[in-house]
Amino acid sequence: MELLNLYQNNYLIVFVFLCLGVLLPLVALFLGKLLRPHKPSVEKYTTYESGIDPFHDSRVQFNVRYYIFALMFVIFDVETVFLYPWAVAYDRLGIFALIEMLIFVIMLLIGLIYAWKKKVLRWT
């Protein structure tokens, strides 16, 4: 019976955090909408371009390669962060962790080679 109560308490804690995670942003957004000043005017709805009146459409098409290049940088940058805790605890982890990390790095290299072959990493 004690184990069942512990099991139910774990789910109760998760449920409470889930409710808080949903309710707090909703309440904050509602209060922000309720308390903010709302005085619309024509000038506020125009596109702002460094103090100059807009002379063309503000939606500009850009090459999606720049976005993909930045996304690839973020992916590989974040993935290399996973190497630091492994390097710090290398003495205690043993050969199994070394093999796991080699598989991880090989998968990253496969992704990098794939992106290189698809010419995603070319800037122009």
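1. Start with the surface. The accessible surface of the chain comes to about 11,800 Å². Carbon and sulfur atoms account for 72% of that area.

2. Keep in mind that this is a predicted model. The mean pLDDT of the chain is 81. Of its residues, 82% reach 70 or more. Confidence is lowest in helix H2 (residues 64-81), with a mean of 80. It is highest in helix H5 (residues 95-117), at 87. Where pLDDT is low, the predicted coordinates should not be read in detail.

3. Next, the fold. The chain has five helices and zero strands. Read from the N terminus, the order is α-α-α-α-α.

4. How much of the chain is buried? Of its 124 residues, 5% count as buried. Now look at contacts with a separation of 6 or more: 48% of them join residues 24 or more positions apart.

5. A nonpolar patch lies on the surface. Its members are Leu-12, Ile-13, Phe-15, Val-16, Phe-17, Leu-18, Leu-20, Val-22, Leu-24 and Leu-26. Together they have about 1,000 Å² of accessible area. Take Val-22 as one of them. Val-22 sits in helix H1 (residues 2-35). Its relative accessible area is 45%, so Val-22 is partly exposed.

6. Which rings pair up? The count comes to one aromatic pair. Phe-82 and Phe-104 form this pair, and it is edge-to-face. The ring centres are 6.4 Å apart, with 75 degrees between the planes. The pair links distant parts of the chain, 22 residues apart. Phe-82 is in the loop between H2 and helix H3 (83-88), while Phe-104 is in helix H5. Phe-82 has a relative accessible area of 46%, so it is partly exposed. Phe-104 is at 23% and also counts as partly exposed.

7. Is Val-120 buried or exposed? Val-120 counts as buried because its relative accessibility is 18%, and the cut-off for buried is under 20%. This residue lies in the segment after H5.

8. What does Val-120 touch? Leave aside its neighbours within four places in sequence. Val-120 is then in contact with Ile-68, Phe-69, Met-72 and Ala-115. Ile-68 is 52 residues from Val-120 along the chain. Yet the C-alpha atoms of Val-120 and Ile-68 are separated by 7.1 Å.

Notes. Residues are numbered from 1 along each chain as its sequence is written. This is a predicted model: local features need pLDDT of at least 70, side-chain atom pairs count only at pLDDT 80 or more; totals for chains, interfaces and linings use all residues. Side-chain values use heavy atoms; hydrogens and water are left out. pLDDT is the predictor's confidence in each residue, from 0 to 100. Helices (H or I, at least four residues) and strands (E, at least two) are DSSP runs, numbered from the N terminus. Buried means under 20% relative accessible area, exposed over 50%, partly exposed in between (1.4 Å probe, protein chains only). Contact means heavy atoms within 4.5 Å. Accessible areas come from the Shrake-Rupley method with a 1.4 Å probe; for residues, only the protein chains shown count as cover. Patches are made of residues with over 30% relative accessible area and no salt bridge: like charges are joined within 9 Å, nonpolar side chains (Val, Leu, Ile, Met, Phe, Trp, Tyr) within 5 Å. A salt bridge is a side-chain nitrogen of Lys or Arg within 4 Å of a carboxyl oxygen of Asp or Glu. Rings of Phe, Tyr and Trp (its six-membered ring) pair if their centres lie within 6.5 Å; planes under 30 degrees apart count as stacked, over 60 as edge-to-face and the rest as tilted.
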